[in-house]
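Here is a short report on one chain. Look over the sequence and the structure first, then read on.

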Amino acid sequence: MQRMLVPTEYPRVSGLDTGLLSAIVAGEARLTPDQALELFHSMPLPELGRWADARCRQIHGDNFRTYVIDRNINYTNVCTARCTFCAFRRDATDHDAYTLPREIIHQKIAQLSAIGGTQILMQGGMNPDLPLDYYLELLASIKETFPHIHIHAFSPPELIEFVHFFNPPGADLLAKCRWVLHKLQAAGLDSLPGGGGEIFANPVRRKIGLGKCDAESWLTVMFAAHSLGMFTSATMMFGHIEGYADRIHHMMLVREWQDRALREGAVTESRSDEVTKWEDTSPSASSHSVTSSLRHSVTSPPTFGHYKAFISWPFQRENTPLGRVKDWGSDPAELSQEFPGDRIARAYEWGRNAELDYKTITPDFGRKVRMSGSSDYLRTQAISRLMLDNIFSIGSSWVTMGPHIGQVGLSYGGNDMGSVMMEENVVSSAGTTYCLDEAVLCRLIRDAGFVPAQRDNVYDLLKIKDGADSPDLAVKDWSTHRARKLHKQAGKAPTARASLTITAGRA
Ligand code: SF4
């Protein structure tokens, strides 16, 4: 009999208790949301980083930290939603609206393949003019021409719109998602990126994600993908109108649904004849946790998938409607008050008060943004490593914070530096993102005290970059390998010709 083990919660213990934190590092205890919030508010940042780093080393060891070479292809910017944080979307009638022809997409993938890339991250707006056959034929043509390229595509909000646009059969949302996903998977889709997660709490999501799916739908899409054996990632965009507790609540939901996927996976695998990859519950194995069972390398087609990674990043404000909202603290008098997002998050009670009417609590909610800085970013990433005990990879997102904060993030629970990829259109529409080539990325990892390694989509190591031909060790003149900033002007459409800019990606 196989059973998935979930670490025990000790809700009466302080989140600052070193015994509790040692058990969390060992995978033998689980943080409650209240403990995570206590850590967030009360533990000095360097100390929090040390605990997150210890947990990361427990899972990933002391040697390798990874990156992937992929390319972000945003196949259309036409979108029916109107997220207030988005500078990328266009109406179909806008002069710079676009949908990439298949030949251009193939051209971009050929360029990726030529530099040793292994996957594409393909996402777009929610374009009602594209029929299901557009996606099926596109996927099939990519797989036929580039069978070695992993297709990581279509975030949950896109899938929910597919359900609305294509009206698939099915008794409920899960069944409808499975129908669409099954078609896409048969055509060549390999896995789903975690775009559109933002913040799950209803009050925040309703304010910033106009026309975008709710949290339950987002999580249901991912569960449908897991049920078809796909691996996915989860994301969070913070540092706007949300309370700090909303970030913890977001992680809590990811963790709960991951438990569910792992439980289903364990049941499914115990029913099959193949050698199980999960820990058993015999007394001799009692110290093993969920995360220790995540270390396996997938060698046969999985029967049930799960989240492989969690990546979070701060909101980028430029060219966005939400970015025009004033900063919290622009009126010094308000700094003596509680941030409205924190007040709403407290009343939300970890989702128990789901239909909360925020206007009765504070009409100011959403009228000011609390932007995130470096320490807030590192604090959030470190908490995610400690909270998400059942997620294998925590991404250190240097795209918006810059390469050196990303490098420091490897000491705050991050094990992966994301992607070296060849273009980025969405985040750079809303502010500055940074561009690095593979040599700089490898050097950042090496200078942080680790050996860089190129990985694939399931985080198996492809190439360990430790010989004289390693991209960074082969560089003679670093003046041509500096980090650059990428910043798109509002209203400027991406060119049909592929850019050869090397940029970091996510999800
Ligand atoms: S964030 Fe995505 S779903 Fe929202 S408006 Fe932009 S393209 Fe559309």
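Two strands count as paired if DSSP finds at least two bridges between them. Helices (H or I, at least four residues) and strands (E, at least two) are DSSP runs, numbered from the N terminus. This is a predicted model: local features need pLDDT of at least 70, side-chain atom pairs count only at pLDDT 80 or more, and totals for chains, interfaces and linings use all residues. Residues are numbered from 1 along each chain as its sequence is written.

## The β15 hairpin

β15 and β16 form a hairpin, with 5 residues between them. The pairing of β15 with β16 (residues 461-464) is antiparallel and covers 3 bridges. Within it, Gln454 has Lys463 of β16 as its bridge partner. β15 also pairs with β3 (residues 64-74), this time in parallel, through 4 bridges. There, Tyr67 has Gln454 of β15 as its bridge partner.

How enclosed is β15 (residues 451-455)? A residue is buried if 20 or more other C-beta atoms lie within 10 Å of its own, exposed if 12 or fewer, and partly exposed in between; C-beta atoms are placed from the backbone. By that count, 4 of the 5 residues of β15 are buried, so the strand is largely enclosed by the rest of the structure.

Most residues other than glycine have a negative phi. Tyr459, in the loop between β15 and β16, has a positive phi near 70°. Phe154 is not a glycine either, yet its phi is positive, about 70°. Phe154 sits in the loop between β6 (150-153) and α6. Val408 belongs to helix α15 (residues 403-409). Val408 and Trp398 are 10 residues apart in sequence and 9.4 Å apart in space, C-alpha to C-alpha. The table gives the neighbour counts.

| Residue | C-beta neighbours inside 10 Å | Class |
|---|---|---|
| Phe154 | 26 neighbours | buried |
| Tyr459 | 21 neighbours | buried |
| Val408 | 21 neighbours | buried |

## Helix α6

The buried residues are Pro156, Pro157, Glu158, Leu159, Ile160, Glu161, Phe162 and Val163. What do they pack against? Two residues are in contact if their C-beta atoms, placed from the backbone, lie within 7 Å. The buried residues of α6 pack against β5 (119-123), α7 (173-187) and α9 (215-227). Just after α6, Asn167 takes a positive phi of about 45°.

## Helices α1 and α3

Axes are lines fitted to C-alpha atoms, for helices over the stretch in contact, and angles run from 0 to 180 degrees between N-to-C directions. Helix α1 (residues 18-25) packs on helix α3 (residues 45-60) at an angle of about 30°, with the axes 8 Å apart. That makes α1 roughly parallel to α3. Angles under 35 degrees count as roughly parallel, over 145 as roughly antiparallel, 65 to 115 as roughly perpendicular and the rest as oblique. From α1, the contact uses Leu21, Ile24 and Val25; from α3, it uses Trp51, Ala54, Arg55 and Gln58. These residues divide into 5 nonpolar, 1 polar and 1 charged. Here Ala, Val, Leu, Ile, Met, Phe, Trp, Tyr, Cys and Pro count as nonpolar, Asp, Glu, Lys and Arg as charged, and the others, Gly among them, as polar.

## A three-stranded sheet

An open sheet of 3 strands has the order β8-β9-β12, with parallel pairing. β8 (232-238) and β12 (393-394) stand at the edges with a single partner strand each, so one side of each is left without a neighbour in the sheet. β8 and β9 (residues 307-314) run parallel and are joined by 7 bridges. Ser233 has Ala309 of β9 as its bridge partner. Helix α13 (residues 374-387) lies across β8, β9 and β12, and runs at about 160° to β9.

## The ligand and the whole chain

The shell around the ligand has 7 nonpolar, 1 polar and 3 charged residues. Among them are Cys79, Arg82, Phe88, Gly125 and Lys212. A residue is near a molecule if its C-beta atom, placed from the backbone, lies within 6 Å of it.

The chain has 16 helices and 18 strands. Of its 507 residues, 51% are buried.
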